[in-house]
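User: Please take a close look at one part of this structure, the surroundings of the ligand. What is found there?

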Amino acid sequence: MDLNLKNKVALVTGASKGIGKGIAIELAKEGCNIIICARDKAELSQAVMDLDKFNVEVLSVIADLTDEQQIDNLIHTSHERFGRIDILVNNAGTIGEPLSFMELSTDQWRNIFELNVFSVVTLVRKVVPIMQQKQWGRIINISSENGEQPDPDMPHYNVTKGALNNLTKTLSKVLGKDGILVNTVSPAFIKTPLVENMLKGQADNQGISEKEAEENFLKNKRPNIVLERAGEIEETAGLVAFLASEKASFITGSNFRIDGGSVASI
Ligand SMILES: NC(=O)c1ccc[n+]([C@@H]2O[C@H](COP(=O)([O-])OP(=O)(O)OC[C@H]3O[C@@H](n4cnc5c(N)ncnc54)[C@H](OP(=O)(O)O)[C@@H]3O)[C@@H](O)[C@H]2O)c1
């Protein structure tokens, strides 16, 4: 299916690896020019090399999205280079510390909100005026199954993703009149560096292999995944490209799960 995305400009946050990089590659395959950002310079450079294969323009900007000045620089540099941003994928996120509700400090709650929620609010505020000039835009927020089906072991993460789901719906109501459509994509247990690090930590703690840690996680922590396996990065990226396209022109304010059936509610 031709998604008609040729020459659009997409900003994908946290696209040096994991789901963000997969989304950037999928959009590049469709002919989008790509802006990526992250903190680690070496991983960003590797991602640029991977994206260069697709014959589109690629801009990478080192940015810590918890710092508003660095977001300003990201948007300024992007606008200077392309003069437009058509698609914003708010993907950068963290699971925070593996602590229980009673162990987490107020500062740890604040820190996870800085990236998972406040950076998205700031990015949207700065990108929307650019999209309004063309009266066309797509904003896709990468949430999580935890936003709808909270995991008791990840209290602060759950709450940030619930907030992001609400923000999406709110923004869809505010921005629809400008032709800007806003949707959420909610993955579960996708094999990325983030998940691999988490499993490695569990394997080290329990003296088991990473494969056993993955099997235990599926059995004990994600028993609702009907497909009984982890998802792949590529399995999330295609839906994001579709939502970014003209084909999705009557879709806004929705939350799409890519979770192998994990969220138990209808
Ligand atoms: N993997 C899953 O199973 C899963 C499930 C549900 C939801 N999600 C969501 O999907 C998104 C991506 O997850 P992932 O698994 O692909 O994670 P990942 O492999 O850890 O990749 C995260 C990306 O975000 C960047 N990033 C992190 N902190 C940043 C900051 N302060 N400023 C700018 N960039 C930052 C990272 O680069 P640097 O570290 O170099 O900055 C990296 O490019 C997250 O929002 C996550 O909550 C993932």
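Analyst: The shell around the ligand is made up of 15 nonpolar, eight polar and five charged residues; here Ala, Val, Leu, Ile, Met, Phe, Trp, Tyr, Cys and Pro count as nonpolar, Asp, Glu, Lys and Arg as charged, and the others, Gly among them, as polar. This is a predicted model, in which local features need pLDDT of at least 70 and side-chain atom pairs pLDDT 80 or more, while totals for chains, interfaces and linings use all residues. Residues are numbered from 1 along each chain as its sequence is written, and side-chain values use heavy atoms, with hydrogens and water left out.

In total, 28 residues surround the ligand, each with a heavy atom within 4 Å of it. The closest are Ser16, Arg39, Tyr157, Ile190 and Thr192.

A polar side-chain atom of Tyr157 lies 2.6 Å from a ligand oxygen, and one of Arg39 lies 2.7 Å from a ligand oxygen. Asn91 uses a backbone N or O atom, 2.7 Å from an oxygen of the ligand. Taken alone, the ligand exposes 880 Å², of which the protein buries 93% (Shrake-Rupley method, 1.4 Å probe).

As for the chain segments involved, helix 1 (18-29), helix 5 (155-175) and helix 6 (193-206) each supply at least two shell residues, and helix 6 gives the largest share, three residues. Helices are DSSP runs (H or I) of at least four residues, numbered from the N terminus. Domain 1 (9-189 + 232-258) and domain 2 (191-230) each contribute at least three residues to the shell, with bounds from an automatic or database domain assignment.

Key
Polar contact = N/O pair within 3.5 Å; in protein donor to acceptor, adjacent residues only side chain to side chain.
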